[in-house]
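Please read the following points beside the model, which is shown first.

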Amino acid sequence: VAGVAFSPDGELLASAAADKSVKLWDVAKRSKIRAWSGKQGAAYSVCFSPDGKRLAFSSDRNGLWNIWVMNVDGSKPAQVSKETRWFVNSPTWAPDGLSIYARKHFVKQRSLGSGEIWQFHVSGGDGLQVWALTLAATLVAAELLYWLVEWPALRLYAARRRSSRST
């Protein structure tokens with residue numbers, strides 16, 4: 001498993017893996033609801049849209065890492081970023097659900113890569129560079145973007161777990 005994310009309500013968990021699978025799990029039942037395999041290429045960095053109806057993930061489906069979205073039921077997969085030279089990954093939805101922020105990075109001779117934060121409209125397009133980063137800042141920014149989106153869902157899940165144990 002390369003990436004996991006809770007839905008905004010904390011009821012679902014999405015996972016993405018290098019084995020070319022994206023899976024959706026029911027948290028309370030601890031069971032798999034559905035899985036998609038192969039079509040999207042290897043998948044990483046999955047996240048739910050703010051309304052919980054769509055997933056964004058990075059995939060090498062077309063040969064280079066780009067951002068893709070699909071409905072939670074697996075329908076309507078669409079490529080958002082259309083990069084042909086650099087990797088685009090670590091998607092994070094904007095609160096309004098209309099755009100996705102992601103890291104576009106380049107790698108030279110076995111380095112971890114440095115790069116930029118870009119904003120992409122969910123319908124696709126060239127995107128807009130938001131921030132150019134050094135390697136250290138890239139790693140910090142990617143973690144910060146992750147925690148800004150995931151931390152509220154993790155707190156909600158933890159609160160639900162505590163309240164269900166006390167009843």
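1. Serine 81 sits in the loop between strand 8 (78–79) and strand 9 (87–93), where helices (H or I, at least four residues) and strands (E, at least two) are DSSP runs numbered from the N terminus. The model is a predicted one, in which local features need pLDDT of at least 70 and side-chain atom pairs count only at pLDDT 80 or more, while totals for chains, interfaces and linings use all residues. Residues are numbered from 1 along each chain as its sequence is written, and side-chain values use heavy atoms, with hydrogens and water left out.

2. Is serine 81 buried or exposed? Serine 81 has a relative accessible area of 0% and is buried, a label that means under 20% relative accessible area, with exposed being over 50% and partly exposed in between (1.4 Å probe, protein chains only). Its side chain makes a polar contact with the side chain of asparagine 66 at 2.7 Å, and a polar atom of the serine 81 side chain also lies 2.8 Å from the backbone nitrogen of isoleucine 67. A polar contact is a pair of N or O atoms within 3.5 Å; within protein, one must be able to donate a hydrogen and the other to accept it, and residues adjacent in sequence count only if both atoms are side-chain atoms. Leaving aside neighbours within four places in sequence, serine 81 is in contact (heavy atoms within 4.5 Å) with Asn66, Ile67, Val88 and Phe120.

3. Serine 58, in strand 6, counts as buried at 1% relative accessibility. Beyond four places in sequence, the contacts of serine 58 include Tyr44, Trp65, Asn66, Ile67 and Val88. Serine 58 and alanine 16 are 42 residues apart in sequence, and their C-alpha atoms are 9.1 Å apart in space.

4. There are two aromatic pairs, given that rings of Phe, Tyr and Trp (its six-membered ring) pair if their centres lie within 6.5 Å, with planes under 30 degrees apart counting as stacked, over 60 as edge-to-face and the rest as tilted. Tyrosine 44 and tryptophan 65 are edge-to-face, at 4.8 Å centre to centre and 65° between the planes. Because tyrosine 44 lies in strand 5 and tryptophan 65 in the loop between strand 6 and strand 7, this pair ties together parts that are 21 residues apart in sequence. Tryptophan 65 is buried at 17%, whereas tyrosine 44, at 28%, counts as partly exposed.

5. The rings of tryptophan 118 and phenylalanine 120 have centres 6.3 Å apart and planes at 20°, so this pair is stacked. Both tryptophan 118 and phenylalanine 120 are buried. Lysine 104 lies over the face of tryptophan 118, at 3.5 Å from the ring centre; the rule requires NZ of Lys or CZ of Arg within 6 Å of the ring centre and within 35 degrees of the ring normal.

6. The largest nonpolar core has 15 residues, and Leu24, Val46, Phe48 and Leu55 have the most contacts inside it; such a core is a set of buried Ala, Val, Leu, Ile, Met, Phe, Trp, Tyr and Cys residues joined through side-chain atoms within 4.5 Å. Among the elements giving two or more residues to this core are strand 3 (21–26) and strand 5 (43–48). Apart from it lies another core of twelve residues, including Val69 and Ile100.

7. For the chain as a whole, there are one helix and twelve strands, and 43% of the 167 residues count as buried.
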